[in-house]
Amino acid sequence: MKTNVLQPQVKSKTIPDLFPAIKYPRNHQKQKNFDIHVQNLICVNGLPTFITMTLDFDKKLNIKSRQAYTNKITKVVVSEVLPDIKNELSSLKSRSCNFSCDVWTTRRREGILGVMCHYINDEWELKSRFIGLGHLKSRHTATNIKEEFERILKRIDFSIQNISFNGS
């Protein structure tokens, strides 16, 4: 009597299996350029950070996590963008700026305050600059919003004389 013995199927190897891609090192120019382009997709084009989970490019490129790109963007904002904003606002002769704020709650029930600055520069051009985000640790009361607003302005060394709220 003959027994049927199932033989395991052997999958034939493909060229990528035989020659796995070697990732570019962090300091390789192609990797640096790729990271900058991904950061621009997130910052300039407003794409969500989870775009990094859907990218499928050259296997040699190292696609970082959402948190890694967020950390890098934060460092760039602190080291390059905020000093530029500080310089721009300190050069205003009139020191007349208007700020707009928006408060919202995230899905994780965290209060967020966003601040924009609007002013007319010396060439009579209307400018709007994003100043920063703050975290409201408690209720969205006028006092809590004012305190976080002042903390955000302190980051850019900007002092204010008068605050008024429109109540919306």
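In this predicted model, a salt bridge joins the side chains of Glu-125 and Lys-127, with an N to O distance of 3.9 Å. Glu-125 is partly exposed, at 39% relative accessible area. Lys-127 is also partly exposed, at 32%. Side chains of opposite charge can pair when their charged atoms come close. The structure holds 8 salt bridges.

A further salt bridge links Arg-108 and Glu-110 through their side chains, at 3.6 Å from N to O. Arg-108 counts as exposed, because its relative accessibility is 67% and the cut-off for exposed is over 50%. Glu-110 is partly exposed, with a relative accessible area of 28%.

Glu-88 and Arg-129 also meet through their side chains, in a salt bridge of 2.3 Å, N to O. Glu-88 belongs to helix α3, whereas Arg-129 belongs to strand β3 (residues 126–136), so this pair ties together parts that are 41 residues apart in sequence. Glu-88 has 22% relative accessibility and therefore counts as partly exposed. The contact is part of a network: salt bridges link Asp-84, Glu-88 and Arg-129.

Helix α3 spans residues 66–90 and also contains Val-78. At 51% relative accessibility, Val-78 counts as exposed. Val-78 forms a nonpolar surface patch with Val-77 and Val-81. Together, these three residues have about 200 Å² of accessible area.

Definitions and conventions. Residues are numbered from 1 along each chain as its sequence is written. This is a predicted model: local features need pLDDT of at least 70, side-chain atom pairs count only at pLDDT 80 or more; totals for chains, interfaces and linings use all residues. Side-chain values use heavy atoms; hydrogens and water are left out. Patches are made of residues with over 30% relative accessible area and no salt bridge: like charges are joined within 9 Å, nonpolar side chains (Val, Leu, Ile, Met, Phe, Trp, Tyr) within 5 Å. Accessible areas come from the Shrake-Rupley method with a 1.4 Å probe; for residues, only the protein chains shown count as cover. A salt bridge is a side-chain nitrogen of Lys or Arg within 4 Å of a carboxyl oxygen of Asp or Glu. Helices (H or I, at least four residues) and strands (E, at least two) are DSSP runs, numbered from the N terminus. Buried means under 20% relative accessible area, exposed over 50%, partly exposed in between (1.4 Å probe, protein chains only).
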